[in-house]
Each structure stands twice: as C-alpha cells, then as structure tokens.
Amino acid sequence: MISRREFLQASVAASAILGASGTGRWGRLAAQQRLMTQDDLLNMEAVGNVTLIHITDIHAQLKPIYFREPQINLGVGEVNGLPPHVTGADFLDLYNIQPGSPEAYALTYGDFEALAAQYGRLGGLDRAATVINHIRSERPGALLLDGGDTWQGSLTALRTNGGDMVRAMNALGVDAMTSHWEFTLGIDRVTEIVENELTFPFLGANIFDSMWDEPAYEPYRMFEQNGVNIAVIGQAFPYMPIANPGWMFPDLSFGIREARVAEMVEEVRGAGAEVVVLLSHNGFDVDRKLASRVPGIDVILTGHTHDALPEPVIVGNTLVIATGSHGKFVSRLDLDVRDGGVQGYGYRLIPIFSDVITPDADMAALIDAERAPYEAELGEVLGQTANTLYRRGNFNGTWDDLLCQAMLEERDADIALSPGFRWGTSVPAGQDITKEDLFSATAMSYPNCYRTEMTGEFLHVIMEDVADNLFNTDPYYQQGGDMVRVGGMGYRIDISQPQGSRISDMTLLRTGELIDPATTYTVAGWASVNEGTEGPPIWEVAEAYIRRMGTVDIPPNQSVIVTGG
Amino acid sequence: MNLTRRQALITALSAAAVAGILPRSASAQSLEDAMAAFTGGAEASEGGIIITAPEIAENGNTVPVEVEAEGAARITIFAAGNPNPGVVTFAFGPLAAVSRASTRIRLAETQDVVVVAEMADGSYQMAAQEVKVTIGGCGG
C-alpha cells in the first residue's frame with residue numbers, strides 16, 4: 001500500500017508508483033491494438049474502503065457518440081505544458097500510451113477517422129449504467145457524483161426541457177450533482193426540476209441570492225460509506241451570469257468564492273467528515289489553483305473544461321480527477337480511509353467503448369422510450385460531410401467553420417462569429433449529417449442567429465475580451481471556453497501578451513484587406529447573451545446550408561495564426 | 001463565519017460611526033492624488049486587509065465589495081480606473097467589534113480595487129484586487 005506521504009509526493013509523470021493501485025493498467029492494455037473486453041475495462045484492483053464514481057459534462061448524450069479530442073489546448077503562465085494542456089503524441093508519451101491503441105483513440109485526436117472506424121463510438125448512458133452497476137456490486141455504497149452540464153446539448157433534451165436527462169440520471173442513481181448549463185433552461189424550470197423531479201441533491205455552495213447575498217442552494221451533503229463520513233461540496237460554474245444569459249436566472253450570483261469554499265471545508269470537517277470531496281464545475285486550471293490555496297480538500301472531481309486524464313493530478317494533498325465529457329468516460333476512485341484521513345488511493349479512468357460494453361437493459365429501455373417520440377426527426381439526413389466535423393480546439397473546429405460558413409452565406413454577412421463552446425459531438429468524414437448530429441452541436445435555449453453591424457474597433461475589443469477569458473495567466477480570471485470562432489476574417493494571436501495586445505492583423509478574407517477600426521462590417525453570430533436577440537435559430541440556418549450543399553466540404557482552417565504558445 | 005447580507009448590514013450600521021461618501025470633485029483625479037488626500041501623503045504598507053470581491057464582475061454597475069482590516073479606524077475603497085477613484089470611506093469608532101464593511105460599487109472597466117486602511121496608530125495599510133469587467137458570452 002502506498003503511504004499517504006508517498007502518494008502526496010507522486011507527480012503525474014511518476015506513473016510507476018501508481019501502477020500498484022490500478023492506474024498502470026493503462027500501460028499494459030495500451031500494448032494491445034485491439035479493443036479490450038468488458039472485463040478488461042471493468043477490472044481494477046480494489047483499494048481501501050471508499051469508492052467514488054464520477055461522470056461529468058455529459059451534455060445530454062444518452063447514446064454512444066464520436067468525440068474528437070482537441071489538437072490545440074494551450075496553457076499559459078504556470079500551467080504551460082502541464083496536463084491537461086498536452087495533446088496528441090505528447091499526451092501519449094506523457095502517459096505511456098501506444099499510438100493507435102484504444103486508449104489513444106479515446107484520449108487524443110490523432111488518426112481520428114481510422115481509429116473511429118476501428119474502435120467505434122464511446123459513451124451511452126446504458127453502457128455507463130453497466131459499468132456503474134458493476135462498480136456498485138463490487139463496492140456497495142459507492143457514491144455516484146455528476147459534475148453537471150447534464151441537461152443540455154441534444155435534440156431530445158431541448159424538446160423535453162432537460163426532462164429526458166433528469167429521468168435518466170434519476171434511474172442511474174446519482175447521489176449528488178452540481179451545475180452550469182442547467183440554468184440555461186431558465187430559473188423556473190430549474191426550480192421545478194430541483195423541487196419536484198430530481199431524486200438527489202443539486203449542490204452549489206457558490207450560488208447566492210444576488211439581492212441578499214445569501215446561499216441559494218444546498219452547499220454540501222454528508223454521506224456515509226463503510227462507516228466513513230464523506231462530505232461532498234458542490235461548486236457550480238463560477239461565471240454563469242457572464243458566460244451565459246444572466247437574464248434567464250436574474251436573482252442568482254455565482255463566482256469562485258474561494259473563501260466560501262474554505263469555510264465549507266472547515267464546516268464539514270467540524271461535522272466529522274473524514275473525506276472532503278469538491279464536486280466542481282470550475283474548470284481544470286481553476287480547480288488546480290483552488291487546490292493549492294484551500295487546504296483540507298482530499299479530492300476535486302473537476303469538470304467544465306472537458307479534459308480527460310488517465311491519472312489524477314496531485315496538488316499538495318489534493319487529488320484532481322478529470323473525467324472527460326459527453327459520457328465517453330466514467331471515473332472510479334478508490335480511497336483507503338483510516339485514522340481520520342486518506343492513506344492511499346486507486347484510480348481508473350474507464351473509457352466507455354460502446355461496442356464491447358453490454359448495455360444495461362433497463363437504462364436502454366428508458367433511453368429508447370425517451371427518444372421514441374423524436375426518432376424520425378433525430379434520424380433525418382440533412383447531407384453528408386467530406387471531412388470530419390468536430391468542435392474542440394482552442395481556435396477553431398470544422399463544426400464551427402461549417403456554422404460560420406452557413407451564417408456568412410445564408411445571412412449575407414461579411415464576418416461570422418460562433419461561440420467557443422466545448423460541447424458538441426463529432427461526425428467522422430464520409431458520414432451522413434443527421435438532424436441529431438446538428439442539434440448535438442447547437443441545441444440550447446438562446447440559439448437565435450443575429451445579423452448586426454460592428455465597427456472594426458469593436459470587433460477587436462470582442463476578440464481581445466474573449467482571448468483574455470482563455471489566456472489570462474491567472475486561472476481565476478478564465479471562463480473556460482475556447483476562443484470565439486470567426487468566419488470571413490483571419491487574425492494573428494500572441495497568447496503570451498496581455499489583454500489588448502494579443503490580437504493583430506485582423507483581415508477581411510473576402511478582400512484580403514486589413515480590418516479598418518472605423519469601418520462598419522455586417523456580422524452574423526449566434527448564442528448572444530443579450531435578452532431579445534432576434535433571428536432564426538442557428539440550426540435552421542445550418543440546415544438550409546447543409547441541404548443546399550448536399551455534401552459539406554470544410555477545409556482545414558488556415559486563417560488563425562497562433563504565436564506565444 | 002457566514003454573514004448573511006442582512007447581518008452584514010446590521011454589523012456595518014453598528015460598527016461604523018460614520019460612513020460617508022467621498023465628495024466628487026468636478027474634474028477627474030488620479031489614484032495617487034486621491035490616496036494622498038486620504039493618507040495625508042503618508043506611505044501605506046502592503047497587507048493587513050482582506051478584500052472580498054469577484055474576480056470577474058457579474059455586472060459592472062453594481063459590484064459587491066467587502067473590506068476588512070483588523071484594528072482600522074478608517075477604510076477607503078478606491079476604484080483605480082474610474083474617473084474619480086475615491087468611492088467610499090468607512091470610519092470605525094472605538095466600540096466597533098470589527099472593522100469590516102461591505103458595499104456595491106460601479107466599475108467602468110477592468111481595474112484594480114485599491115483599499116487603504118488608517119490604523120489606530122495613524123499608520124496606513126493597503127491592498128488591491130483586480131476586478132475584470134468583461135463582455136462575456138463565450139464560456140462553455
């Protein structure tokens with residue numbers, strides 16, 4: 001057994017000592033060039049007396065999906081080059097994963113088309129249910145914790161106002177969740193769900209009433225497992241009213257509220273907690289900083305930034321666990337809790353390979369029933385794609401290039417802006433684009449595609465503002481999305497510069513001329529946080545474009561030049 | 001400690017003998033001038049002050065800021081980037097249990113909130129926190 005002191009000293013790169021607790025399985029399985037069996041995926045040498053199961057950022061994906069991991073995921077300041085800011089071959093080297101292996105496919109973007117054909121889709125809540133039920137049979141009382149971004153991101157979640165996901169997560173037996181996109185359903189719907197539909201606590205220690213500055217939701221819940229007292233503190237996305245439309249939940253205030261987190265940790269320790277878990281939607285870098293500043297947190301189950309890491313990142317005395325997104329992974333974390341504290345751990349990031357994990361029959365039936373009313377719509381073929389459509393990456397992705405091209409052409413604009421969301425599934429090259437695919441990239445509650453005029457100067461201000469949300473060297477000032485995607489305009493970005501000095505050479509691609517600060521341009525975009533935004537929903541704009549094109553052929557985007565990384 | 005807003009208001013009322021809004025001068029004043037006017041030109045040393053403010057403002061028109069400086073007789077909040085940096089001075093009498101107060105301030109743009117405290121012995125402490133005012137809308 002690894003002693004507490006040893007595990008605290010272990011760094012992420014020192015995977016040799018972690019092998020004793022199950023993580024080394026990655027290395028062994030990585031040598032195989034075939035898809036592992038269900039048993040391979042589920043086997044883990046049990047450690048200790050407490051088990052946590054983590055799933056996060058499902059974005060309403062009930063069925064198995066394709067999801068291409070990012071090629072570009074830059075970190076600035078102290079986290080430059082540290083996980084999760086490691087991609088592709090560097091990621092494989094860091095974690096000793098064989099190129100072309102199932103793990104390489106699950107965790108990195110390389111050879112995506114070939115490996116997608118070989119290893120198939122990942123995720124599906126019916127498969128996740130099989131994995132979760134297996135862990136529970138081995139470890140009775142294991143806690144299942146959902147990091148949020150659960151009720152938004154699919155056609156069926158949009159049609160049911162999140163109802164399909166609420167019913168599925170209730171059936172899955174979640175023990176507690178926290179939140180982000182949940183609030184984009186509007187405060188009335190959230191209240192209805194939390195009070196009448198959800199069968200487990202909706203935690204958010206950092207959500208306050210904005211008038212009186214009083215806690216608005218249950219901050220934590222105490223659990224007992226094998227006689228061990230465990231506190232789970234919820235931390236919702238801190239920048240909810242800034243990154244998303246605040247008018248949809250006007251009486252709530254969020255924020256990182258570091259002092260509040262520290263106060264909650266003290267409170268639960270005082271109440272006898274032997275293990276303190278922060279179920280967080282802060283984003284990875286924010287949680288890494290929080291772990292370095294707030295003592296007493298044993299585990300942070302992080303979310304929001306959609307990173308999947310096969311080993312914990314250890315900060316001081318805290319294990320930071322990143323479980324990926326869209327239902328691709330389920331994390332199992334075993335803790336050895338004795339003498340009032342955590343003495344050791346075992347961890348496994350379990351990729352949900354849908355072709356080898358048997359769907360849980362009850363969950364499969366529930367999912368089928370939820371989808372049945374929408375089945376014809378979901379399967380409607382809009383066109384085909386010549387290249388893989390994907391979203392993730394700091395600067396662009398082909399899905400957003402498609403949306404931008406659709407906005408330029410269908411809305412007759414000079415420049416198109418698509419927000420730097422990190423949710424949205426992938427469509428491998430050569431496949432049909434279904435309505436379900438389109439909605440998995442666009443389904444949300446403020447989809448209107450506006451058409452407006454902006455000066456070159458204002459466009460520059462927007463670009464600088466968004467870039468600082470991503471590349472501010474202090475993680476507490478980052479909002480966690482990617483850079484706004486731009487159609488019709490190229491630019492140069494030096495991510496090492498401060499706000500106001502990062503963006504240069506903004507160029508109107510149609511003419512090749514530099515953007516003039518004083519000139520007015522026609523700009524189309526979607527997902528404005530302003531109330532009363534007018535225009536057709538983005539999925540109508542995109543559908544018209546895809547149908548007109550028949551086969552969409554989005555070439556690699558060459559119009560953003562990145563330096564300083 | 002989990003002060004509710006209502007409790008905080010009561011605390012501020014009972015603790016602050018005088019809580020005066022600084023007079024706005026007709027022309028814009030620099031932060032240095034405003035601080036010098038408060039300290040009488042004395043140097044302020046770093047530390048001793050807790051500022052509780054959001055890293056990124058949810059609404060730049062009304063940003064909640066709480067300040068605390070143990071043993072302070074007066075605390076002034078400056079908004080370094082506003083046309084008139086002086087925002088408010090809280091004065092604490094000898095019977096004040098804690099030198100802590102909270103208010104909401106308007107920030108025109110991303111800037112440092114600078115807080116200077118006059119201690120009982122006439123020395124000065126200072127601290128600053130950046131509060132970002134952003135367009136927002138692209139997190140996710």
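Over which residues of chain B does pLDDT stay under 50, and how many contacts beyond four places in sequence does the model have for them?

Analyst: The stretch in question is residues 1-26 of chain B, where pLDDT stays under 50 and the model has 37 contacts beyond four places in sequence. Here pLDDT is the predictor's confidence in each residue, from 0 to 100, and two residues are in contact if their C-beta atoms, placed from the backbone, lie within 7 Å. This is a predicted model, in which local features need pLDDT of at least 70 and side-chain atom pairs count only at pLDDT 80 or more, while totals for chains, interfaces and linings use all residues. Residues are numbered from 1 along each chain as its sequence is written, and chains are lettered from A and ligands numbered from 1 in the order in which they are written.

Chain B has an average pLDDT of 83, with 76% of its residues scoring at least 70. For chain A the average is 93, and 94% of the residues score at least 70. Chain A also has a stretch with pLDDT under 50, namely residues 1-31, for which the model has 63 contacts beyond four places in sequence. For the complex, the predictor gives an ipTM of 0.87 and a pTM of 0.91.

Where the chains meet, chain B contributes 19 residues and chain A 31 residues. On the side of chain B that touches chain A, six residues are nonpolar, eight polar and five charged. In this classification Ala, Val, Leu, Ile, Met, Phe, Trp, Tyr, Cys and Pro are nonpolar, Asp, Glu, Lys and Arg are charged, and the others, Gly among them, are polar.

Within chain A, the assignment gives domain 1 (4-369) and domain 2 (381-563); such bounds come from an automatic or database domain assignment. The centres of these two domains of chain A, taken over C-alpha atoms, are 28 Å apart. Their contact joins 42 residues of domain 1 of chain A to 32 residues of domain 2 of chain A. The side of domain 1 of chain A that touches domain 2 of chain A receives its greatest contribution from α14(A), with four residues. By class, that side has 20 nonpolar, 15 polar and seven charged residues. Helices (H or I, at least four residues) and strands (E, at least two) are DSSP runs, numbered from the N terminus.

Helix α20 (residues 538-549) of chain A packs against two other helices. With helix α18 (residues 435-442) of chain A, the axes come within 10 Å and cross at roughly 140°. Axes are lines fitted to C-alpha atoms, for helices over the stretch in contact, and angles run from 0 to 180 degrees between N-to-C directions. α18(A) and α20(A) are therefore oblique to each other. Angles under 35 degrees count as roughly parallel, over 145 as roughly antiparallel, 65 to 115 as roughly perpendicular and the rest as oblique. Leu438(A), Phe439(A) and Thr442(A) of α18(A) meet Ile538(A), Trp539(A), Ala542(A) and Glu543(A) of α20(A). This contact of α18(A) with α20(A) comprises five nonpolar residues, one polar and one charged.
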